[in-house]
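Here's a quick briefing on how two neighbouring parts of one chain meet. Have a look at the model first, then go through the points below.

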Amino acid sequence: MAGAEKPMFAMDGNDVPFEPGQTILQAALAAGRYVPHLCFHPEFKPHGSCKLCTVKINGRTVASCTTLAKQGDEVESETPEIQDLRRNLVQFLFVEGNHFCPSCEKSGSCMLQAVAYDLGVMAEHFSPFFPSRPIDASHPDVLLDFNRCILCELCIRASAEVDGKNVFALSGRGAKKHLIVNAESGRLADTRLAVEDKAMDVCPVGVILRKRRGFQVPIGERKYDQHPIREVAVGKATARHASGKPSPQGPSKEGA
Amino acid sequence: MSRDLSAILARHQHDPLRLVQILRDVVEEHGFISPGTITTLAERLSLPRGRVEGVAGFYAFFPTENAGRYRVLFSDNITDRMAGSVELRQRMLEAFQVRDGEVSRDGLVSIGTTSCTGLCDQGPAMLVNGRAIPRLTRARIGSISAMIHGQAPLDTWPANLFDIHTHIERKDLLLSTPLAAGAAIDAAIARGPDATVAQVKASNLRGRGGAGFTTGVKWEMCRAAPGEAHYVVCNADEGEPGTFKDRVLLSDYADLVFEGMTVAAFAVGAKRGFLYLRAEYPFLLAPLEATLAERRKAGLLGKSIRGVADFDFDIEIHVGAGAYVCGEESALIESLEGKRGIPRNRPPYPVTSGYLQQPTVVNNVETLAKAAFVVMHGADWLRVRGTGRSAGTKVLSVSGDVARPGIYELPFGATVREVLDLCGATDVQAVQVGGPSGMLLSRSEQHRRIMFEDVPSAGAFMVFDDSRDILQVLENFASFFAHESCGFCTPCRVGTALQRRMLSALAKGYGTRRDLKDLARVAKVMKASSHCGLGATAGNAALDALEKFKPAFEKRLGTLEVMPTFDLDRSLAPAREVTGRDDDEAHLSHEEEE
């Protein structure tokens, strides 16, 4: 196969081929090996903020989404130490926001929830912050629920790079860092966001929601209800899904 | 208002790269940055509005709502607290009947806290509308309060209130070698750029800002990197609590620092340089500008320096706006470009892709000062002092429980004991070397040596005697990191907040054994996965203390299996305030004590 000519690194003892210029995460996903991640999206430049994809290379911990793959690297990913670290990071994200899965429209297609299941996170462990984050229902077609924001900046990047609208941005810093919209009123209705925008389809959690679409797909039949995220993320599940029964709305746009 | 903005924008050539400087001027003139101002600035600078709002919201000294005509910020380093800042702040809050961090009803004054202002040798200190006032006493607070009550303009306040003293207690190589302005530049020109870089490399000069990267290697990489332009940046964003040596170097040795920058520019081929000055040192701005003007007049800056065709170089001063993270070199560059100070993904490093993605050398103030002498006197000038891997001397900022706080220049390899003896410290319980991100040393570690091989230090040396509560020290450090985390990455953003909560609970006696385990766990998560040095080091002090000061924690632990992590009765205070009740029935504490 062509793989024979490609450079390789080892991840948890398995050879992973890569193209020069690929990061460890990109190469691993392409080779069908899942590494948990949230702020990474294949269509955007790696960002490296959630740190869930942290791996250990030669004793150093690095974010695999922003670290270029190198021939001969020995990468530790699903070791007890690294998985523990990832569990803590997921717990950090849960306690920082207000995440109530049972009442969330995104439950079942939420990456944070799916990653938590994948890692076996059973509880938040740390005391929740219970931040006060009012929702923005001003837009006729879109609801913003900031309570669930994990600050991955995907909507910011999509709106700036694909839509050319800069609808979203960040303000504040530290634990007070928060998503803002591009309007003096602070209201989404006063921005140029449209439902067709790329920014509508990249939120890994339940911040950016289409109005009048709630619970159209029943709980239990959603993206990660059907297939674990470690299959979806490496493209295995899509193939299986396509051969299975079609979803009621055709190709799902949720949590793309 | 709009006309003011036009003047400010014109002063900055409508350059979006100068956004942080523009916002500084807005605050200077308007007191805060209103939503309407943000909209106007965004339109005039052709920036997305959210981008401007994001920058305004990032820096501590950019209020986005009315913060009063007098904005008082008490420096909240542990050394300020040890010198009585909490009581002084309380007095002032009472005098104006205003709550911490809030504006008085008449819009006259707001009183709050800010991270260490670098006046630890003459604390407690405060900033009023950005201007520093050191050596606070009850008397000083009294007269300041009276002047605010009387609405006296800041310019009419007695000048001696703002006097910053210089305490140099020990001079060594750097502080005692005289400089004839231009001598290091002449030496560099005589030798040529390649040999200049080689000489700095041979001296084994390492960065004095904390990381300790070899300066000559940095210059060499930058010189070799292809680019349309090269830049030299002096990192004077001295934000590590307990550090003030760069302040003194910039006040008393400014020529030397600029000489170092000019030599660096010659070595790497830079035409433009920036000095990024922390906002807490506004009193340095005018003298530094004056020094730059003199150097321009003397032909040490500008076109064809010393008659060398093509050796054009000049320096601009950029002032920060209250963000410790901007001491990280790539965050500093982001800030120089008028953005939120978020550390970049690296590689690429600034030496190949820095300011405007061009090759950029970022060096600490002290590093550049030493580089000037290395170029002037040769590599051995530095190596006569210090140890194998730590050549030369280190300028320390000594504060806390000592008889003579101030600046001490010592050869690398000096023991902690030697420093303590010099500065007159007795009954020493602990020393924090390198600031909150550095190392917490116990009394049994006074034999340890200050050098890269053992106890590295960016300059801070804070001493705590037996009367001090280590948990309060740790709580202060934890608050600092939580306040200064940029929030980019999960581990630091959430970890520093969790750490602050846990240490606050432990210091107040609401902690449990589980908190001790969690504290260590959070510190390890931050260390392993943070995006930059801020998060990676934010748990150092707690980890050190858990190992070396265990009894201080144990003494304070709750005895119960399960403890509430808060004071139940105090949590009802807002309810009492809303209902206007304060009788026994509105309190829980009596029933709790069984």
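In this predicted model, the C-alpha centres of domain 3 of chain B and domain 4 of chain B sit 27 Å apart. Domain 3 brings 23 residues to the contact and domain 4 brings 26. For orientation, the domain assignment puts domain 3 of chain B at 169-383 and domain 4 of chain B at 393-468.

**Buried area**
- Together, domain 3 of chain B and domain 4 of chain B bury about 1,900 Å², and 60% of that is on carbon and sulfur atoms.
- On the domain 3 side, B:Glu169, B:Arg170 and B:Phe244 account for 30% of the area buried against domain 4 of chain B, more than any other three residues.

- B:Glu366 and B:Lys394 form a salt bridge, with their closest N and O atoms 2.6 Å apart.

**What the domain 3 side is made of**
- Strand 5 (168-170), helix 8 (173-176), helix 12 (245-252) and helix 16 (365-377) of chain B each give at least two residues to the side of domain 3 that touches domain 4.
- Helix 8 of chain B has the largest share of that side, with 3 residues.
- Sorted by class, the side of domain 3 of chain B touching domain 4 of chain B holds 10 charged, 7 nonpolar and 6 polar residues.

Conventions: Residues are numbered from 1 along each chain as its sequence is written. Chains are lettered from A and ligands numbered from 1 in the order in which they are written. This is a predicted model: local features need pLDDT of at least 70, side-chain atom pairs count only at pLDDT 80 or more; totals for chains, interfaces and linings use all residues. Side-chain values use heavy atoms; hydrogens and water are left out. Domain bounds come from an automatic or database domain assignment. Contact means heavy atoms within 4.5 Å. Buried area is the accessible area (1.4 Å probe) that two parts lose on being put together, summed over both. A salt bridge is a side-chain nitrogen of Lys or Arg within 4 Å of a carboxyl oxygen of Asp or Glu. Helices (H or I, at least four residues) and strands (E, at least two) are DSSP runs, numbered from the N terminus. Ala, Val, Leu, Ile, Met, Phe, Trp, Tyr, Cys and Pro count as nonpolar, Asp, Glu, Lys and Arg as charged, and the others, Gly among them, as polar.
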